[in-house]
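This report describes how the parts of a structure are arranged. Please look at the structure below before reading on.

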Amino acid sequence: MASNALRGYFERLGNQVTSGVWQLGFAARFLAYMLLHSGTALRRFSLTIREIYFSGVLSLVIILVSGLFVGMVLGLQGYHTLERYGSSEALGVLVALSLVRELGPVVAGLLFASRAGSAITAEIGLMKATEQISAMEMMAVDPIARVVAPRFWGGVISMPLLAALFSAMGIFGGYLVGVKLIGVDDGAFWSQMQAAVDVREDIVNGVIKSFVFGIAVSWIAVFEGYDAAPTAEGVSRATTRTVVTSSLAILALDFVLTALMFTGGTAT
Amino acid sequence: MNRTTIDLWVGILVAAGLGALLFLALKVGNLASFSAAQTYEVKANFANIGGLKVRAAVKSAGVVVGRVSEIRFDTETYEAVVTMSLNAAYRFPRDTVAKILTSGLLGEQYIGLEAGGDTKMLKNGDRLKLTQSAVVLENLISQFLFNKAAEGKDSAK
Amino acid sequence: MPDSNIVEVENVWFGYDPERPVLRDVSVAIPRGKVVAIMGQSGCGKTTLLRIIGGVHMPTRGRAQVLGELTSELDQDGLYAMRRRMGMLFQFGALFTDMSVYDNVAFQMREHTGLPQDMIHDLVMLKLQAVGLRGAARLMPSELSGGMARRVALARAIALDPQLMLYDEPFTGLDPISFGVIARLVRTLNDALGTTSIVVSHDVQECLDIVDYLYFVADGQVVARGTPEEIRASQEPFVDQFVHGKPDGPVPFNYPAPEYGADLELTKT
């Protein structure tokens with residue numbers, strides 16, 4: 001009896017792994033197809049602009065407010081820790097590097113995944129459930145080119161912009177708390193920061209990260225939406241999957257990219 | 001939601017995003033200082049470069065005058081060959097000394113240039129003749145202990 | 001005779017799961033200019049048949065020839081070219097919810113033709129007028145009732161004057177007035193535009209009034225066919241049960257179950 005149950009368990013595990021790999025392959029083919037058929041999204045750019053509005057502009061509030069608060073907390077916590085080593089003047093360095101290298105791309109990515117990613121998945125999933133996708137197919141319009149690709153590119157373009165805004169807002173928040181509230185020296189805050197933050201190594205790498213995260217989140221969001229079961233339950237499960245998978249992907253990619261970028265490959 | 005409102009807001013987002021990037025690059029990073037300057041290259045040999053890294057600063061009198069562009073190992077002399085890119089606005093005499101210094105007690109290492117008195121200036125591709133290697137902490141400690149032991153022996157005599 | 005058939009489905013077998021075919025050896029022929037109904041119970045395979053005609057699925061066996069092309073031999077471009085000559089009305093309209101009524105109807109014109117905006121405007125108004133909704137052009141789909149949404153979807157489907165119209169359960173869930181409106185539109189549009197129409201439905205009485213020919217599908221096979229007069233007079237048990245809505249007949253009332261006594265635990269098994 002126990003061996004049967006064990007066997008059943010392994011069979012199910014094997015099934016999950018094979019179906020997981022199959023899903024990945026399917027998702028990869030989906031991405032390739034979408035990239036090949038992105039001509040419409042780029043030629044009729046107003047479609048993509050509309051999606052940049054819905055993913056990017058409508059995420060502005062949460063990104064800016066979160067960025068401000070994260071920066072303020074960094075300023076507060078950072079000060080109290082640095083104070084112990086008499087290095088409170090390095091607060092600017094701490095806030096800037098944390099944000100630009102890590103928190104900006106990662107937290108903005110997570111917020112983007114939950115706000116915009118889930119919205120994209122729900123929208124595409126619902127279009128599928130209400131047969132709008134089939135209707136488009138029957139009208140000889142490729143739904144992947146017309147509906148999916150603009151949303152993908154809208155997300156890819158919005159993400160780096162939002163991450164930069166998050167970092168900038170965060171630094172401002174750190175400045176507000178550190179300099180204005182606590183009293184760290186204004187000049188030291190900015191000058192040490194400028195000396196320590198390198199454009200090529202820190203800022204550009206941060207932008208590259210946010211770009212990679214944007215691709216990952218947008219890909220997952222459109223795929224899950226397109227692949228959702230055409231029922232209410234199917235759409236809701238797909239939305240959850242988008243947020244969970246995107247978040248995990250962001251964190252995993254963050255580790256890989258950080259290892260490659262900031263330790264010169266010596267960590268691996 | 002009509003088209004023009006959407007276009008306006010997307011334009012605002014893109015402008016704000018690029019503005020944030022510019023802010024980060026200029027006010028937060030060090031783009032303003034060193035991007036478009038003309039540079040010339042100067043080499044120096046060191047017995048030990050310690051923790052010196054590529055893109056470390058080259059300073060003279062505390063002012064950043066260049067960056068370390070390349071670090072190589074010479075298999076004939078078994079020394080480190082450091083190539084520096086110096087800002088063309090600053091010319092140094094040929095007997096300038098290059099020292100590897102540490103900023104603060106445990107900070108990052110950089111190259112400090114002390115100008116000599118030669119009338120002839122360094123040209124692109126020249127090699128500095130006088131260098132001082134990095135201070136390695138272990139050597140410093142063992143030297144200190146050795147001195148202390150010698151003192152102890154002297155006073156015991 | 002074959003030339004005047006817009007659609008010829010011959011000996012088609014199909015199943016989503018190869019082990020369990022939904023359609024078994026089905027053959028239908030749709031002559032040009034006629035309105036043909038495909039009727040049957042829910043789940044009998046009639047919508048699947050419509051999808052095969054629309055090129056969404058390829059038959060596992062047999063051939064489906066639509067508008068002169070074999071669907072299984074078409075690549076994606078060929079399939080899209082064929083679909084530009086077809087129009088399909090989906091069960092609940094399937095209007096694009098993020099666009100207005102006007103934009104929905106104009107969709108195909110904007111995607112497939114290079115017509116200037118004022119010409120498109122006139123054409124959209126023309127199509128909306130045909131379904132009686134010219135005044136609703138600026139409304140959004142969420143502001144429409146079910147019947148109105150279905151009419152807009154119809155206007156959208158005929159936007160490019162297709163040669164073949166497919167209707168997937170067009171009368172489902174409509175009030176009697178909208179019902180009558182749609183039924184009348186199916187017939188008059190077919191005759192006015194000179195198209196051919198295939199209506200998949202289980203609303204027998206309405207179909208008998210408007211169509212030229214009917215096919216009855218049960219268990220994945222064609223069990224009866226004929227003109228409305230022939231069907232009304234038919235003695236065939238399935239047709240009789242279906243047309244007159246009898247609860248029991250060839251299609252049993254009871255879902256297969258073990259003996260009643262055993263379920264009530266009165267008799268020991």
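## The sheet of chain C

In this predicted model, chain C holds an open sheet of six strands with mixed pairing, in the order β6-β7-β8-β3-β9-β10. The strands at the edges are β6 (86-89) and β10 (221-226) of chain C; each has a single partner strand, so one side of each is left without a neighbour in the sheet. From one strand to the next, the twist averages 15 degrees.

Strands of a sheet pair through backbone hydrogen bonds, and the pairing is either parallel or antiparallel. In chain C, strand β9 (residues 213-218) pairs with β10(C) in the antiparallel sense, over five bridges. Within this pair, C:V217 stands opposite C:V222 of β10(C).

## Helices on the sheet

Helix α1 (residues 46-53) of chain C packs on the sheet and touches β3 (35-40), β7 (164-168), β8 (196-201) and β9 of chain C. The direction of α1 makes about 150 degrees with that of β8(C).

Helix α9 (residues 237-244) of chain C also packs on the sheet, where it touches β9 and β10 of chain C. The angle between the direction of α9 and that of β9(C) is about 105 degrees.

## Nonpolar cores

Which residues of the largest nonpolar core touch the most other members? They are C:I53 and C:I198, in a core of 154 residues. Helix α7 (residues 143-182) of chain A gives the most to this core, with 20 residues.

Leaving out residues up to four places away in sequence, C:I53 touches C:V7, C:V9, C:A64, C:V66, C:L166 and C:I198. There is also a second, separate core of 22 residues, which includes B:L52, B:M84, B:I111 and B:L122.

## Contacts between chains

Two pairs of chains are in contact, and chains A and B share the most contacts. Chain B and chain C do not touch, and their nearest C-alpha atoms are 10 Å apart.

Between chains C and A, twelve residues of chain C are in contact with nine residues of chain A. On the side of chain C that touches chain A, α2 (76-83) and α3 (101-112) of chain C each supply at least two residues. The most comes from α3(C), which gives four residues to that side. Sorted by class, the side of chain C that touches chain A has six nonpolar, three polar and three charged residues.

Conventions: Residues are numbered from 1 along each chain as its sequence is written. Chains are lettered from A and ligands numbered from 1 in the order in which they are written. This is a predicted model: local features need pLDDT of at least 70, side-chain atom pairs count only at pLDDT 80 or more; totals for chains, interfaces and linings use all residues. Two residues are in contact if their C-beta atoms, placed from the backbone, lie within 7 Å. Ala, Val, Leu, Ile, Met, Phe, Trp, Tyr, Cys and Pro count as nonpolar, Asp, Glu, Lys and Arg as charged, and the others, Gly among them, as polar. Two strands pair if DSSP finds at least two bridges between them. Axes are lines fitted to C-alpha atoms, for helices over the stretch in contact, and angles run from 0 to 180 degrees between N-to-C directions. A nonpolar core is a set of buried Ala, Val, Leu, Ile, Met, Phe, Trp, Tyr and Cys residues joined through C-beta atoms within 7 Å. A residue is buried if 20 or more other C-beta atoms lie within 10 Å of its own, exposed if 12 or fewer, and partly exposed in between; C-beta atoms are placed from the backbone.
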